[in-house]
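Here's a quick walk through a few spots worth a look. Have the model open and follow along.

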Amino acid sequence: MDSILLKVENLQTSFLVKSGEVKAANEISFTLKKGEALGIVGESGSGKSVTAYSILQILQNPGKIVGGSIALNGQELVNSGESVMSRIRGNKISMIFQDPMTSLNPVFTVGNQLTEAIMLHTKRRKAQARERSVELLRLVGINEPKRRVKQYPHELSGGMRQRAMIAMAIACEPDILIADEPTTALDVTVQAQILELMKSLQEQLGMAIIMITHDLGVIAGMCERVIVMYAGRIVESGTVDEIFYAPAHEYTKGLLKSIPSISDERQRLIPIAGSPVDMLSLPKGCAFAPRCDCAMKICLASQPAQSRISETHSASCWMNEKGRLENA
Amino acid sequence: MDTKMLAYIAKRLLFSVFTLFLIVTITFFLMHAIPSSPFIGGKALTPTVMKQLEMKFGLDKPLGEQYIIYLKNTARLDFGMSTFHKGRKVIDLITITFKVSAKIGLIAAAIALASGILLGSLAALKKDTIVDRLIIVLTTALVSLPNFLVAIMMLWVFSVMLHWLPPRAGAPGGLVMPIVSLALYPAAYVTRLMRSSVLDVLTQDYIRTASAKGLSTSKVLLKHAVKNAIIPIITYAGPMIAYITTGSFVVEQIFSIGGLGNFFVRAIQNSDYTMIMGSTIYLSIVMLSMTLLCDILYKVVDKRIDFS
Amino acid sequence: MENSNNTQKATLHTDLSMFELATDEEKAQSVLLRESTTFFKDGMRRFIGNKVSITALIVFAAIALIAIIVPVFYPYDYETTSASAKSISSIYTKPMEYSKREQEAINAGIKVFPHIFGTDELGRDYAARVIYGTRISLMVGAVAAFIVVVIGIIYGSISGYLGGRADLFMMRIVDVVYSLPDMLVIILLSVSLKDIILNGKLAGTWVTKFGPGLVSIFIVFGLLYWVGMARLVRGQVLALKEREFVLAARAFGAKPMWIIRKHMIPNSLSVIFISAALQVPSAIFTESFLSFLGLGVAIPMPSLGSLASSSLGQIAARPYMIVIPATAIFGIILTLNLVGNGLRDAFDPTQREGGR
């Protein structure tokens, strides 16, 4: 299949700390097609950001990819070396982050940081790169771009900074844009604008987007496919419709119950009981079992296998196996 | 924005002036409490000096009035005549000797800052390697070593044993040892500060952004980390230069340098109270203005960093 | 997912009883709890694991023990000369050598304890002087740290607890004291206090005997160096004030002082202790500096700084007379700094200076 852009297989990323190994991303496998928008959803600590950092290999110490493969257009990235990754980062795959307040270097002008990215991956000279920066800022909807390039990050509002971040990310027209909670730190009104901007840029530039978020609303508005993560593992994946209307994992069901729905005001919000697992001492069985209302003895005893529900939909939950056994 | 900055500068300036006023007041009353001080009329004062002091400070007048006269004189940097160096004005002695101290001090400060920033960045970049450990061991040792000991040890090794460097500052190459002994402690301190500052900066989000852009590790460090990491050093630079000036008390004596530090120590030993008072106030002014300058500079740079 | 190692395929062989609902008890059991350790235990474990700090602690303890115990049985003290009273010239003796008078005694068959480091210009045993000097330096460090801690805790906790305007006013005072150029003020105070003590009303009292320089060092520490500690304690108190257990105690109607004593101080202790531990070397540093300037302890009492200073003229002829006290100063300050850093790393990771 030549339309497959990114193929992640059995990715294993660990943080080796004094008190043990934290398997932050465990047996992660997924694919991303050209121009597709994929959502990765999960609560904080579920390994979604670690997965993204692993793709770009910008993990902070002591994080390390300990196994698996990441292939971009068939080119293996794991253990490919710094020089290869430098040419991929910001060029083929770029990334925007959660907090635009701290993600831009405060001591350099916005223009400086933009031209830096442009000159790094293209043959443009400084003057041309400057022009391109202004052009990019205009593209992401920043008014008076000529004045803005000369300003420092602290002179811009949060929304504008995130727009500048996006401008920086799309500077080299990447194949993939990874957005790590791009709207979490922003005001609600600004959130919608940023999402709108990303959507239109995706259409204009034809790039694929990996949207990492804990907000199912964002997923619904942006993505075609969704991966649900819990405690470092993918627990369910499918199309947006499948996940939202026929969730096959108890955790996904819990997530959906915990978000407010505009269409059905009578529905009560049900939070998921308990707290996220301690990643240093994961339970033997399903990591969600201790918080799961439907947990069975087997859930505590062993990891559930991934069961295929449809061509596009799969989940790792013993409930599915139970259903299959009962039907058999 | 700029009015805020001006208000900050005004506030800090006022605060410094108040501190200086406090120092001047402490000095005045301490000198009046000293039994053998010229103000009480102790021993070994020639009648001419006594008369001069009486005229200058009106020693027959009530204490409050004397204090006012003293404040007025101090505001004009008029500290009277030295009671030891006969016929010399204190302020003249100070300005002549301070030039000598300032020259050595500034060279030492520049060396300390440059080497500290360099070594500190190096240690941070090579964290947990042998280079880093070596730098940590070295700086830990150096911050435990008073500068007069460094001076003495250098004197012993390089002058007495090896005959490489002259023991007195007057001879050619004679400034090497005093400058090094003044620079070592602050250099070690700046190194440690810079190391932790770089390590702190490296965890910042914008560093992740820079590497996500595709910048090479070395470029990320050189462009995005070091510049930001230097900022906290600014606040230390003021007190550090002050430290070097005070530290020079002993070092100048050991190497026979005719600087203010040496004169100050000799004034103490000779009970030259007008010189002690004058030097204290003069050095306080130097230190307070250095600190003030660096604080303002930091605030100007920090405006970009301060997100709140 | 292919080849997932931890995964068991649900095959026909799976026992159907496994698909019964799990009880809450079973769920709770499945969450393996990590061994919980107390803050103190955890910190101690980290500190003991730090080889550098432990070695430094042992070396420091050895130095301190020598300084405390050896003078008890050592045959020489710091002020008695071993030379005959009349001899004027060449009183220095080299290490392990004897003065003329002692040589005569040995010849007469009397056993004389050797001068391990020789004697100084007045024929006083140098080893005894170094050991007493170490004692003085250690005492200065301990007393200074004690003064700083007491004043800092009282001032800081009152300021933090009162809050509001009183706090603002008290912290303004701290700011002023903080901005005083400390070395200058120390020197100025030492000079004037020394003079006051020597020539004034205090002449002849215990203060003179103890050394005006030493007393002024303590006064200076009491006047200047408490501010850092006061800020620290205030910060701790402010942070702790908001914690639930203090609110709870207040709800029970507990008195403010009781709250400070029972809840706040124990919780701030580790931070305070670390800061105090690092205060000791700084005090020794200052003492040696002042003694070097002749503003420290009173003659004939030795301190490490004054020994180094008075031997400066002997640097070519008898370098060991400087090297020995210099090594002692360096050893004490270095080991204490290392112990302090180790404690900070172990108990207060938030204040870690660049990690290790």
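A:Val226 has A:Gly238, in strand 10 of chain A, as its bridge partner. This is a predicted model, and the two strands involved, strand 9 and strand 10 (residues 233-239) of chain A, pair in the antiparallel sense over 6 bridges. Their hairpin has 2 residues between the strands, and A:Ala231 takes a positive phi near 50° there.

Strand 9 of chain A also pairs with strand 3 (residues 37-41) of chain A, this time running parallel and joined by 4 bridges; A:Val41 stands opposite A:Val228. Is strand 9 of chain A buried or exposed? In strand 9 (residues 225-230), 6 of the 6 residues are buried, so the strand is largely enclosed by the rest of the structure.

| Face of strand 9, chain A | Buried residues |
|---|---|
| One side | A:Arg225, A:Ile227, A:Met229 |

Elsewhere in chain A, 4 strands make an open antiparallel sheet, in the order 2-1-4-5. Strand 2 (20-33) and strand 5 (75-76) of chain A stand at the edges with a single partner strand each, so one side of each has no neighbour in the sheet. Helix 1 (residues 48-56) of chain A packs on this sheet, touching strands 1, 2 and 4, and its direction makes about 70° with that of strand 2. Strand 1 (residues 4-17) of chain A is joined to strand 2 by 10 bridges, with A:Val8 opposite A:Phe30.

Now for the other chains: 39 residues of chain B are in contact with 37 residues of chain C. The chain B side has 27 nonpolar, 10 polar and 2 charged residues.

Notes. Residues are numbered from 1 along each chain as its sequence is written. Chains are lettered from A and ligands numbered from 1 in the order in which they are written. This is a predicted model: local features need pLDDT of at least 70, side-chain atom pairs count only at pLDDT 80 or more; totals for chains, interfaces and linings use all residues. Two strands pair if DSSP finds at least two bridges between them. Two residues are in contact if their C-beta atoms, placed from the backbone, lie within 7 Å. Axes are lines fitted to C-alpha atoms, for helices over the stretch in contact, and angles run from 0 to 180 degrees between N-to-C directions. Ala, Val, Leu, Ile, Met, Phe, Trp, Tyr, Cys and Pro count as nonpolar, Asp, Glu, Lys and Arg as charged, and the others, Gly among them, as polar. A residue is buried if 20 or more other C-beta atoms lie within 10 Å of its own, exposed if 12 or fewer, and partly exposed in between; C-beta atoms are placed from the backbone.
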